[in-house]
Amino acid sequence: VDVAVDSNWVLCVSEYSNSSIFRLDNAAYKSNGANADGVLGQPNFTSNGPANNPPTQNGMFYPFGVATDLSGRLWVADMANSRILRFDDAASKANGANADGVLGQPNFTTNAQAYSPTQSRINYPYGVFVDDSGRLWIPDTVNNRILRFDDAAAKSNGANADGVLGQANFTSGTGATSVSRLKMSGQGSGGIVLDASRLWVADTSNHRIRRVAAATGVI
C-alpha cells in the first residue's frame with residue numbers, strides 16, 4: 001500500500017492485507033523479484049494474522065502508511081488499531097520485533113477509536129509523515145484533521161499532540177468545506193507530504209489538495 005526508503009536504500013513496504021511491513025536492504029540493487037530481508041508485524045514471512053483483539057507490541061492490523069526519519073526510525077500507521085508505531089533503528093530489527101513507541105493510544109494493548117476527538121487519540125490513520133526536524137504529521141482521517149507531534153521520537157507512549165490542522169481545536173472532528181477545514185473521511189484518505197517549507201494534504205472528500213505553511217501550521 002505504501003513505501004518508504006531511507007538514506008541507506010533500506011526500503012520498507014506496508015503489506016496491508018498481511019498485516020506486516022517488509023524490509024528490503026540495498027533495495028536499489030536488488031534483482032527483480034528478490035526476497036525481502038526482514039519483516040515486522042509478523043514473526044516470519046509466512047504468517048499474516050492481524051493483532052487486534054487485543055493489539056500487541058509486535059503485531060499490526062492492516063498497516064497503511066509508512067515513513068522513515070533521518071535517524072533510521074520507522075513510523076507505521078497501524079490503521080485499524082488506530083495508532084502509530086515507532087521502530088527505532090528499524091533496519092537492524094529482528095523479524096517480528098517489538099515496537100519502541102506508540103502514539104494515538106495510551107499503550108500497546110488498547111485500540112479504542114476516538115470518535116470523540118482528544119489531543120492524544122486518533123481514529124483510523126491512513127498515513128504518516130515525518131519531516132527533517134523530527135516532527136510527525138498524522139492524518140487522523142475519521143476526525144478530519146492533521147495532528148502534529150513535535151520531536152516525536154522523544155514522546156512518551158500516548159503523548160498529546162502539539163498542534164492540529166483542519167479543526168479549530170483538539171476536541172472537534174466534523175468535516176467541512178471551507179478555507180480552514182478538512183473533510184478527509186474515507187478509506188485510503190490522508191495522503192500527506194512535505195517539501196522544503198510546505199505541507200501538502202489530500203483533502204479527499206473535498207476533492208482537493210491543501211497547501212499548508214508547515215512552519216506556521218496555517219492552511
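**Aromatic pairs and nonpolar cores**

Reader: How many aromatic pairs does a search of the whole structure find?
Author: The model is a predicted one. Searching the whole structure for aromatic pairs gives a total of 5.

Reader: What geometry do Phe22 and Phe45 form as an aromatic pair?
Author: The ring centres of Phe22 and Phe45 are 5.5 Å apart, with 80° between the planes. Planes over 60 degrees apart fall in one class, so the Phe22 and Phe45 pair is edge-to-face.

Reader: How many residues apart in sequence are the parts that the pair of Phe22 and Phe45 ties together?
Author: Phe22 belongs to strand 3 (residues 20-24), while Phe45 sits in the loop between strand 4 (38-40) and strand 5 (63-68). The pair therefore ties together parts whose separation in sequence is 23 residues.

Reader: Is Phe45 buried or exposed, or does Phe45 count as partly exposed?
Author: Buried requires under 20% relative accessible area and exposed over 50%. The relative accessible area of Phe45 is 37%, so Phe45 is partly exposed.

Reader: Which residues do ring pairs link into a cluster?
Author: The cluster is built through ring pairs. Its members are Tyr16, Phe61, Tyr62, Phe64 and Tyr126.

Reader: Which elements give two or more residues to the largest nonpolar core?
Author: The largest nonpolar core has 17 residues, and Leu136 is among those with the most contacts inside it. Two or more residues come from each of strand 6 (74-78), strand 10 (136-140) and strand 11 (145-149).

Reader: How many residues does the second, separate core have?
Author: This second core is separate and includes Leu40, Ala99, Val102 and Phe108. Its residue count is 15.

Methods: Residues are numbered from 1 along each chain as its sequence is written. This is a predicted model: local features need pLDDT of at least 70, side-chain atom pairs count only at pLDDT 80 or more; totals for chains, interfaces and linings use all residues. Side-chain values use heavy atoms; hydrogens and water are left out. Rings of Phe, Tyr and Trp (its six-membered ring) pair if their centres lie within 6.5 Å; planes under 30 degrees apart count as stacked, over 60 as edge-to-face and the rest as tilted. Helices (H or I, at least four residues) and strands (E, at least two) are DSSP runs, numbered from the N terminus. Buried means under 20% relative accessible area, exposed over 50%, partly exposed in between (1.4 Å probe, protein chains only). A nonpolar core is a set of buried Ala, Val, Leu, Ile, Met, Phe, Trp, Tyr and Cys residues joined through side-chain atoms within 4.5 Å.
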